[in-house]
Amino acid sequence: MALKKYFPIFVMPTLIAFLIAFAVPFVLGLYLSFTEFTTVVDAEWVGIENYLKAFSNDDFLNALWFTVKFTVVSVITINVIAFTLALILTKGLKGTNLFRTVFFMPNLIGGIVLGYIWQLIINGVLNFAGVTITYDPKYGFWGLVILMNWQLIGYMMVIYIAGIQNIPSDLQDASKVDGANRLQTLRNVTIPLVMPSITICLFLTITNSFKLFDQNLALTAGAPSKQTAMLALDIYNTFYSRIGWEGVGQAKAVIFFVIVAAISFVQLALTRKKEVEQ
Amino acid sequence: MKKIFAVLLCIPFVFAFAACSGKKPDTSDAAKAGTVYFLNFKPEIADVYKEIAQKYKEETGVEVKVVTAASNTYETTLKSEIAKKDAPTIFQINGPVGFQSWSRYCLDLSDTKLYSYLTDKSLAVKNSDGVFGIPYVVEGYGIIYNNAIMKKYFALKDKAVSISSADDIKSFETLNAVVTDMTKHKKELGIDGVFASTSMGSGEQWRWTTHLANVPIYYEMKEKGEDSTILSTLNAKDIDFTYSENFKKVFDMYVNNSVTDKGLLSGKTVDNSMAEFALGKAAMVQNGNWAWSQIADVSGNVVKAEDVRYLPIYMGIEGEEKQGICIGTENYLAINKNAPEKDRQASIAFLEWLFSSETGKDYVVNKLKFISPFNTFKDDEKPEDPLAKEIFRWMEKDVNNLEWTFNSFPSQQFKDDFGNAMLEYVQGSKDWQHVKNTFKNSWKSERK
C-alpha cells in the first residue's frame, strides 16, 4: 500500500527526464527522417526518399565497414587486455591499489581532449618518418584502436576485478585439490563465474566502439578523404555540411540506431546463455 | 549506503529542474517595444558587440541580446537556435548559397533604410522577390608580405632577379622567381621559409578551398562573359576547372617554399601560420584583413604595421598584370521573417542605428574595425589598421580587383572533399589529376 502511494513521487522525476531526454527526441527524430527540413520545426514530408539516398551514397557504406572493422579489433583487444590485467591485479601483488587507480584514470578524461592528446603523441612519433596521422588511413585506424584501448581498458578492468573477487575461494581451492592446473582453473572455474562481467564488458565495449564520435572527430576527423570517418561522424557531416541533406542525416541516424540495438540484443542474448548460477 | 546512493541519483534531477525553471520571461517595458536577438558570427569581436548592446540599451531602452557562435559552429548554432521560441531576430547568411538553405527565414529588406544606405546595391543577396541579405563589411585578401624581409632580400648582392622592390612583382613568373630565390637565401634572411605553413588540418583548409580557388574560378566564369561571376557560378551545374594547372602552380609554390615540411602540414592550423608570420619566421602568408588582429596579438610579434602589404595572388593567367586583390564579403545580415513584428522592427532599427548614428559608426570604425559598404560613412570614417588601409590602396589603384566568386561554391561538403583531395596530393598518396577530378565530381554532385 505504502509503495503504491509513493510510487509517483519516486518514478515521476525519472519518467519526466526519460520523456524529455529520450522518448520525445526519439519520436521526433524518427518523424524527421521521413522529411526534408532545415530546422526541426519546418519539416516537409518526403517519405522514404532519405533512406534511399543514404544507401545510394558510398560514404555511408564505407563508414559502416570502417566502424565494423574498428569495433571487432577494439572489442577483442580491450577485453583481452582488461581481463589479463584484472587477473594480475587480483593476485595480491604489492601496489595493487596504485595500479588499479592508474589504469582507471584515462577513463576520466573526456573524449575530445583524449583525441587531441593522442593526436599530438602520434604525430610526434610519426614526425620521425616526416608524416602525420592523416597520411594513411591505416595510421588513423590503429591510432583510434590505441586510443580506445587506453581509455576503456581501465574501466573494463575494474568490472572484471569485481567479478573475479566475487568468486568464492572454496571453489578455487576445490579445483586445486582436484588437481587442476592454473589454465584449467581459469577455463573451468574463473571464466564461467565471471560471465556476468563479460556480458557487461562486451556490451559496453561494443556499443561504445560502434558509437564512437568525439575521439574520431578530434583524432582524425575522417582524414584522409573520409577514409577514417566512422558512422557517427558521417552522420554529423551529412547533417551539417550539406545543404538539403538534413533529412538524410536523420535517416542515417535511424539506421544507425537499429544496427546498434540489434547488435546489442544479439550479444546480450548470446552471453546471457553462458552465464551460470553459483 | 543505499540511502547515500539514492540521494546521489537525485542530484542531477534537481539540477535539471533548477536549470529549466531558471529563466523567466522578460516583462519590462523594453520587452513591449520589441527585443533584438543577434546571433553573431565573428567570435573575435564578441565583446565589442556586448558593449554595443549595453550602449544601445542606455540610449534607447531596447534590449539587445548578443549570442556568439564559437568558431566554425555558426550553422550548427543557428539551426538549433532558430527552431526555438525565442529565436534570433538578426542572423547571418554567407551569401547566395547560404540564402538557399535559409530562404524560408529571410525577411524582404528592400524597403528598409539599411538597404538604401548600401553604396553598391548589387552587393546585396537578392532575387526577383526582394532583398534578403545586406552585406555589412567589405573584406579583402591576397598574399600578405612583410616588407622588412623583402627589403632585406632585394638588398642582397647575389639575388637572382632584376627587380628591386616587391611593388615590381606583377606576375606569377616574377613572384615565383623571387620566392624560389628567397628560399635559397633563407639563412641570410633569417627566415624558416618564405611562406607560412599551408594549414591543412581539418577545419583549417578554407584559405585554399575557398580563397585560393576563387582566382581560377573567377577567371573561368569571367570568360563565359557574364557580369557577375558570383551569379554565374551559382548557376553553374558543372565546372571545367580550366585553370587547375595554374592553381596547382601557386599551391606548389606555397608548399615547396614553406616553413613546414610537406608531410607535416596536416597538423597545422591558420593560427600556427599567422604566428609564424608574426614572429618573422616567414615572409609571406595568404590571408585577409581580418588577420591583422591575429598578427598584432601574437606575443613577441616582430612585424611592424608599416611593413605589412598585400600582393595579388598571381597565377600566370593572361592579363594578370592588371589583377588586384580579392575584395568582397561573405557576411550578410538577414532578419528572421518568423519573429514577431515588433521584434523585427526593433532589429532593423538597431542595425540602422549601428550603421548610421554617430555613436554606432564610431563603434563600427574604431572597435569592430569594419570597412563598411554603407554611404553613411564619410571618407575619414575608416578603420586605421594597416591591412584595411592596404585594401583602400588597392581599391584606388588602376587594377581589376576580383570578386568573391567562392561565395557560390556548392556546399561545405564540396569544400571538404576538395580540401581532403589536396591533402592527399600534398602527402604524395594521390596525384593532381585526383584533385581535379574530385573538384569537378564533387561540384556536380553537391550542386542540385
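How far apart should the ends of helix α8 of chain B be, given 1.5 Å a residue? In this predicted model, helix α8 of chain B covers residues 172-184, which is 13 residues. At 1.5 Å a residue the helix should span 18 Å, and the C-alpha atoms at its ends are 18 Å apart, so the two values agree. The buried residues of α8(B) are F172(B), L175(B), V178(B), V179(B) and M182(B). Viewed down the axis of α8(B), the buried residues fall within an arc of 130°, which means that they line one face of the helix. In general, an α-helix has 3.6 residues a turn, so residues three or four places apart point the same way. The buried residues of α8(B) are covered by elements of chain B that include the helices α7 (147-154), α9 (186-189) and α12 (244-256). The strands β7 (193-195) and β8 (282-288) of chain B are also among the covering elements.

Chain B is divided into two parts, domain 1 (32-138 + 329-377) and domain 2 (140-327 + 399-446). Between the C-alpha centres of domain 1 of chain B and domain 2 of chain B the distance is 31 Å. Eight residues from domain 1 of chain B and eight residues from domain 2 of chain B take part in the contact between them. On the side of domain 1 of chain B that touches domain 2 of chain B, three residues are nonpolar, three are polar and two are charged.

Chain A has 278 residues, of which 33% are buried. Its secondary structure consists of twelve helices and two strands. Read from the N terminus, the elements of chain A follow the order α-β-β-α-α-α-α-α-α-α-α-α-α-α. Along the principal axes, the C-alpha atoms of chain A fill a box of roughly 70 × 70 × 30 Å. Among contacts in chain A between residues at least 6 apart in sequence, 75% join residues at least 24 apart.

The contact between the two chains takes 24 residues from chain A and 29 residues from chain B. On the side of chain A that touches chain B, the elements giving two or more residues are α1 (2-32) and α11 (231-241) of chain A. That side of chain A is made up of eleven nonpolar, ten polar and three charged residues.

The largest nonpolar core has 175 residues, and A82(A) and A282(B) are the residues with the most contacts inside it. Helix α6 (residues 137-165) of chain A provides the largest share of this core, with eleven residues. At least three residues of the core come from each of domain 1 (32-138 + 329-377) and domain 2 (140-327 + 399-446) of chain B. Leaving aside residues up to four places away in sequence, A82(A) touches I153(A), M156(A), M157(A), Y160(A) and C201(A).

Another residue of chain A, L144(A), is found in helix α6 of chain A. L144(A) has 25 other C-beta atoms within 10 Å; because the cut-off for a buried residue is 20 or more, L144(A) counts as buried. With residues up to four places away in sequence again left out, L144(A) touches F70(A), Q215(A), N216(A) and L219(A). The C-alpha atoms of L144(A) and S74(A) are separated by 8.8 Å, although these residues are 70 residues apart along the chain.

Methods: Residues are numbered from 1 along each chain as its sequence is written. Chains are lettered from A and ligands numbered from 1 in the order in which they are written. This is a predicted model: local features need pLDDT of at least 70, side-chain atom pairs count only at pLDDT 80 or more; totals for chains, interfaces and linings use all residues. Helices (H or I, at least four residues) and strands (E, at least two) are DSSP runs, numbered from the N terminus. The expected span of a helix is 1.5 Å times one less than its number of residues. A residue is buried if 20 or more other C-beta atoms lie within 10 Å of its own, exposed if 12 or fewer, and partly exposed in between; C-beta atoms are placed from the backbone. The arc is that of the directions from the helix axis to the C-beta atoms. Two residues are in contact if their C-beta atoms, placed from the backbone, lie within 7 Å. Domain bounds come from an automatic or database domain assignment. Ala, Val, Leu, Ile, Met, Phe, Trp, Tyr, Cys and Pro count as nonpolar, Asp, Glu, Lys and Arg as charged, and the others, Gly among them, as polar. A nonpolar core is a set of buried Ala, Val, Leu, Ile, Met, Phe, Trp, Tyr and Cys residues joined through C-beta atoms within 7 Å.
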